[in-house]
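Reader: I would like to learn how to read a few features from a set of coordinates. Please give the general idea each time, then the case at hand.

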Amino acid sequence: MSIISRLFLGLLLASALLSFASGGNAHGAEPKVTQVSPVVRDGKLEIDADIEFGLNDQLRDAAQRGVPLYFTADLTITRERWWWFDASLVDTSRTWRIVYNALTRQWRAGVGELSFPVASLDDAMGVVRHIRNWPVADAAEFDAGVLYGGQLRLRLDTSMLPRPFQVNALNSSSWVQATPWTDFSFVLSDKEKDPS
């Protein structure tokens, strides 16, 4: 075997090993919803949730270059009906925006137009991963002692990205990140409905 053939084979083997090593690092653990807690506060049904959701290297790189990332949580709550389809009581979503300003070297995270400074990308993702005090409906719309079912998921919302990145997202699986729908159920007590 000639020296050129050996060199080519060595480079091929090294690139294959590097692609395997970076592939595991790039995707990490699969995103998933670990906990959903419906809670009544001040007459409102609010959702608290914890989610495992990591960013791969391509998304981290894009965020560090100033590309805003949008994450949307989708929520549905239904009540079972024996005589027809389940009654849909809540069908809503909430979107978080994470952006890095290269001029001020500052990360910002928030919902809608409201955002606040955070120390790092990981701190910004902590806001998205730990949903707290999300008001989704009036508690008066729910009956005490009735079983309600719900589903929650979190996804990288590529529809809100700048146009060139939307095209890139269509062609790359790195930009398709979402948790599967996670089922949960709850029953409100009379005390939760009327704490007075």
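Reader: Does Phe-85 count as buried or exposed, and at what relative accessibility?

Author: Buried means under 20% relative accessible area, exposed over 50%, and partly exposed in between (1.4 Å probe, protein chains only). Phe-85 has a relative accessibility of 62%, so Phe-85 counts as exposed. Before going on: this is a predicted model, in which local features need pLDDT of at least 70, side-chain atom pairs count only at pLDDT 80 or more, and totals for chains, interfaces and linings use all residues. Residues are numbered from 1 along each chain as its sequence is written, and side-chain values use heavy atoms, with hydrogens and water left out.

Reader: Where is the place of Phe-85?

Author: Helices (H or I, at least four residues) and strands (E, at least two) are DSSP runs, numbered from the N terminus. Phe-85 sits in the loop between E3 and E4.

Reader: Which residues make the nonpolar surface patch?

Author: Patches are made of residues with over 30% relative accessible area and no salt bridge, where like charges are joined within 9 Å and nonpolar side chains (Val, Leu, Ile, Met, Phe, Trp, Tyr) within 5 Å. A salt bridge is a side-chain nitrogen of Lys or Arg within 4 Å of a carboxyl oxygen of Asp or Glu. Accessible areas come from the Shrake-Rupley method with a 1.4 Å probe; for residues, only the protein chains shown count as cover. Here Trp-82, Trp-83, Trp-84 and Phe-85 make a nonpolar surface patch of about 680 Å².

Reader: How many aromatic pairs does the structure hold?

Author: A pair of aromatic rings is described by the distance of the centres and the angle of the planes. Rings of Phe, Tyr and Trp (its six-membered ring) pair if their centres lie within 6.5 Å; planes under 30 degrees apart count as stacked, over 60 as edge-to-face and the rest as tilted. The structure holds seven such pairs. For Trp-84 and Phe-85 the ring centres are 5.3 Å apart and the planes are at 70°, so this pair is edge-to-face. Trp-84 is exposed, at 55% relative accessibility. The rings of Phe-142 and Phe-186 have centres 6.1 Å apart and planes at 55°, so that pair is tilted. The pair links distant parts of the chain, 44 residues apart: Phe-142 is in the loop between strand E7 (130-138) and strand E8 (147-156), and Phe-186 is in strand E9 (residues 182-187).

Reader: Are Phe-142 and Phe-186 buried or exposed?

Author: Phe-142 is buried, with a relative accessible area of 0%. Phe-186 is buried, with a relative accessible area of 7%. Ring pairs join Phe-142, Tyr-148, Phe-184 and Phe-186 into a cluster.

Reader: How many residues has the largest nonpolar core?

Author: In soluble globular proteins, nonpolar side chains tend to be buried together. A nonpolar core is a set of buried Ala, Val, Leu, Ile, Met, Phe, Trp, Tyr and Cys residues joined through side-chain atoms within 4.5 Å. The largest one has 45 residues, and those with the most contacts inside it are Phe-71, Leu-75, Ile-77, Ile-98, Phe-142 and Leu-152. Strand E3 (residues 69-79) supplies the largest share of this core, five residues.

Reader: Which residues is Leu-75 in contact with?

Author: Contact means heavy atoms within 4.5 Å. Leaving aside neighbours within four places in sequence, Leu-75 is in contact with residues including Ile-47, Val-90, Trp-134, Leu-152 and Phe-184.

Reader: Where is Leu-103?

Author: Leu-103 is in the loop between strand E4 (87-101) and strand E5 (106-111). Leu-103 is exposed, with a relative accessible area of 82%.
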